Amino acid sequence: MKLGYTTGYWSSGPPAGVVEAIAEADRLGFDSVWAAEAYGSDCLTPLAWWGASTSRVRLGTNIMQMSARTPTAAAMAALTLDHLSGGRFILGLGASGPQVVEGWYGQPYPRPLARTREYIEIVRAVLARSGPVQYDGDFYQLPYRGGTGLGKPLKSTVHPLRTDIPIFLAAEGPKNVALAAEIADGWLPLFFSPKADGFYRAALAEGFARPGARRTADEFEIAATVPIVIDDDVERAADRIRPFVALYVGGMGAKSTNFHRDVIARLGYEQECDAITEAYLAGNKQQAVAAVPTALVQDIALIGPAAKIKDELQRWRETVITTLLVSGSPRQLQQIAELIH
């Protein structure tokens with residue numbers, strides 16, 4: 001199992017210690033470094049800035065929100081960063097949710113799976129550079145349909161370093177996971193749990209079995225964000241994760257539509273999700289955090305004494321995951337690397 005370091009997205013400003021942590025991840029032999037975006041910092045600028053000090057680790061977006069950029073703009077960023085990194089870039093894409101897509105980016109959200117399929121087809125066409133890009137889809141048209149009539153099909157002036165840059169897809173529901181297996185090179189799960197391994201294996205198998213699927217299960221990468229907190233006190237370790245869970249279950253989506261909540265509920269925590277959401281939406285964040293049970297944290301994270309984590313790792317090694325994406329200080333990354341390897 002490989003390790004990746006995820007910087008996440010910024011809260012109120014740039015996170016401290018990231019440069020040192022990336023250097024340590026590179027030194028420790030981590031496979032990849034990732035940057036994220038929500039509705040504050042973007043994912044490309046930090047990845048380029050911090051990634052410039054590395055020479056070996058792969059550099060990925062986890063995730064670049066599709067509604068933030070047209071498919072051609074995403075392809076331009078990918079081929080640019082791939083050149084600058086010497087062929088180390090991974091384009092991680094995700095649809096996000098209606099609150100962000102429509103509320104922040106002012107873009108329509110309906111039919112996200114069909115939109116994702118068109119988006120990735122255009123990105124691949126730009127990167128292939130086999131000719132001027134023309135596309136007539138339901139969501140995207142190149143040239144634009146119904147404009148001035150002066151648009152013309154264009155081909156990237158830049159020759160891609162790689163015409164087949166890896167594309168990973170963030171997905172949580174079974175239909176989107178199957179889509180990732182069909183059209184992408186990897187999957188970026190959030191709130192993965194070994195308890196759900198069979199559920200996800202079935203969704204992935206459906207995608208791999210579709211006509212024209214790009215990869216087989218053996219070729220496909222699955223890089224899951226998995227919090228790891230080494231602490232002799234399990235409850236204290238869980239306290240580090242509870243706010244993160246409460247935010248995503250209670251605050252990262254509408255009450256009627258929250259894909260993160262759905263993932264947790266499928267693990268058997270429907271009532272707990274209701275309590276977290278109710279408290280969070282009422283403005284009582286502390287109550288929401290307190291409503292996150294330790295059992296739930298232990299289902300989606302590795303927490304507690306080092307010996308306990310080492311024992312539990314075997315369950316994770318038996319899942320579909322190929323890479324654990326972790327965070328922490330340089331010292332914490334070294335401890336994690338020692339446990340995993």
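Modeller: Let's start with a term we will need: a strand is a DSSP run of E with at least two residues, numbered from the N terminus. Also keep in mind that this model is predicted.

Biologist: Thanks! Which strand gives the most to the lining of the largest cavity?

Modeller: That is β10, with 3 residues. The strand β10 covers 221–225, and β2 (32–35) also gives two or more residues to this lining.

Biologist: What makes a space a cavity rather than a pocket?

Modeller: A 1.4 Å probe fits inside a cavity but cannot get out, whereas a pocket is an open set of points. By this rule the count is 1 cavity of 30 Å³ or more. The volume of the largest cavity is about 30 Å³.

Biologist: How do you know which residues line the largest cavity?

Modeller: A lining residue has an atom within 4 Å of one of the grid points. The residues that line the largest cavity include Asp31, Ser32, Trp34, Arg58 and Phe168. Glu221, Ile222, Ala223, Thr322 and Thr323 line the largest cavity too.

Biologist: How does that lining divide into nonpolar, polar and charged residues?

Modeller: There are 4 nonpolar, 3 polar and 3 charged residues in the lining of the largest cavity. Asp, Glu and Arg count as charged, and Asp31, Arg58 and Glu221 are among the lining residues.

Biologist: Now for the open spaces. How much space lies in the second largest pocket?

Modeller: About 350 Å³. The second largest pocket has 21 lining residues, and Arg69, Pro71, Gln107, Arg115 and Tyr140 lie nearest its centre. The lining divides into 13 nonpolar, 6 polar and 2 charged residues.

Biologist: Which element supplies the largest share of that lining?

Modeller: The helix α5 does, with 5 residues. At least two residues each come from α3 (71–84), α5 (112–128) and β7 (141–142).

Biologist: Let's turn to single residues. Why is Asn62 called buried?

Modeller: Buried means under 20% relative accessible area. Asn62 has 13%, so Asn62 counts as buried. You can find Asn62 in the loop between β3 and β4.

Biologist: Which residues is Asn62 in contact with, leaving aside its neighbours within four places in sequence?

Modeller: Asn62 is in contact with Trp34, Ala35, Ala36, Leu188, Thr225 and Leu325. Trp34 also lines the largest cavity.

Biologist: What is the peptide bond from Asn62 to Ile63 like, cis or trans?

Modeller: That bond is cis, with omega near 5 degrees. Ile63 sits in the loop between β3 (58–61) and β4 (64–65). The peptide bond from Leu142 to Pro143 is cis as well, with omega near -5 degrees. Pro143 belongs to the loop between β7 and β8 (167–170).

Biologist: Where is Arg111 found, and what is its phi?

Modeller: Arg111 is in the loop between α4 and α5. Phi of Arg111 is near 55 degrees, a positive value in a residue other than glycine. Ser96 also has a positive phi, near 60 degrees.

Biologist: How do you know whether Arg111 is buried, partly exposed or exposed?

Modeller: Exposed would need over 50%. Arg111 reaches 48% relative accessibility, so Arg111 counts as partly exposed.

Notes: Residues are numbered from 1 along each chain as its sequence is written. This is a predicted model: local features need pLDDT of at least 70, side-chain atom pairs count only at pLDDT 80 or more; totals for chains, interfaces and linings use all residues. Side-chain values use heavy atoms; hydrogens and water are left out. On a 1 Å grid over the protein atoms alone, a cavity is a set of points where a 1.4 Å probe fits but cannot get out, and a pocket is an open set with protein on both sides within 12 Å along at least five of seven lines; lining residues have an atom within 4 Å of a point. Grid points are joined across faces, edges and corners, and a volume is the space filled by probe spheres set on the points. Helices (H or I, at least four residues) and strands (E, at least two) are DSSP runs, numbered from the N terminus. Buried means under 20% relative accessible area, exposed over 50%, partly exposed in between (1.4 Å probe, protein chains only). Contact means heavy atoms within 4.5 Å.
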